[in-house]
Amino acid sequence: MPKKNILIVEDEQAIRDMVKFSFFNTKFVLSEAEDVKQARIKISSKTPDLILLDWMLPDTDGVDFARELREEKNTCKIPIIMLTAKSEENDKIRGLNAGVDDYVVKPFSTKELIARIKAVIRRSTNMEEEEKVIKIGALKLNRESHRVSCSGKKVALGPLEYKLLSHFMTHPDKVYSRSRLLDKVWGGDIYIEERTVDVHIRRLRKILKEFDQDFLIQTIRGSGYRFSIEE
Ligand code: CA
């Protein structure tokens, strides 16, 4: 397994050294930044697998930087562990609201730190896997390869039917009106008649019927459509 690249953003060199030393003989490699400015440079040259982020930094508040990372498309998925001397409940909530994954309160043991890093990485990799493949009933949809199968057999779909099914499978058990579906699947900026939705729903149902899965797409009279395993 390739080594995981961990970025530490911390102005105290003693802490950076301690973490670096503790990574010896682990599958983690440490890169270092002493402030947010350096961190930005490091992140843009190589996306880290996880960031250890100090709360009190010379140039920017760590929590503000965490929020900034969460808002950026390229960095929003990088797990963040806050290193903090603060253990007050309010501070913790502030950090969690900024999208931080976990906390380590200073002074911490490197053993504890490594355990937390492993747990956060495990959690985020599982989430990615889960997001990639969605299974509902006998249907399996791979959002990366855009392949759909049913009990192992390939389901051939047109591009719009795929998008429609993908939307349904990522939002099961919710009723969508035709105009909401147009907005979500076709995109809001072009004008398309609502009955176009019915045409594509019919096509999708026909394909799913070959696999006895057409029951998943349910017509809700007067409201729209719902994708659900429950009949
Ligand atoms: Ca500090």
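Predicted model: local features only at pLDDT ≥ 70, side-chain atom pairs only at ≥ 80, totals over all residues.
Leu7 stands opposite Ser31 of strand β2. Residues are numbered from 1 along each chain as its sequence is written, and side-chain values use heavy atoms, with hydrogens and water left out.

Strand β1 (residues 4-9) runs parallel to β2, and 6 bridges join the two. Strands here are DSSP runs of E with at least two residues, helices are runs of H or I with at least four, and both are numbered from the N terminus. Two strands count as paired if DSSP finds at least two bridges between them. The open sheet holds 5 strands in the order β2-β1-β3-β4-β5, with parallel pairing. Strands β2 (28-33) and β5 (102-105) stand at the edges with a single partner strand each, so one side of each is left without a neighbour in the sheet. From one strand to the next, the twist averages 20°.

Two helices that pack on the sheet are described next. Helix α2 (residues 36-45) touches β1, β2 and β3 (50-54), where contact means heavy atoms within 4.5 Å. The direction of α2 makes about 160° with that of β1. Axes are lines fitted to C-alpha atoms, for helices over the stretch in contact, and angles run from 0 to 180 degrees between N-to-C directions. Helix α5 (residues 110-132) touches β1, β2, β3, β4 (80-84) and β5. Its direction makes about 175° with that of β5.

The domain assignment gives domain 1 (4-130) and domain 2 (137-227); such bounds come from an automatic or database assignment. The C-alpha centres of domain 1 and domain 2 lie 39 Å apart.

The largest pocket has a volume of about 300 Å³. A pocket is an open set of points on a 1 Å grid over the protein atoms alone, where a 1.4 Å probe fits, with protein on both sides within 12 Å along at least five of seven lines; lining residues have an atom within 4 Å of a point. Volume is the space filled by probe spheres set on the points. Of the 14 lining residues, Asp49, Lys77, Ile78, Pro79 and Glu128 are the closest to the centre of the largest pocket. Helix α5 gives the most to this lining, with 4 residues.

The second largest pocket has a volume of about 200 Å³. Its lining has 13 residues, and Lys77, Pro79, Asp101, Ser124 and Met127 are the closest to its centre. Helix α5 supplies the largest share of this lining, 6 residues.
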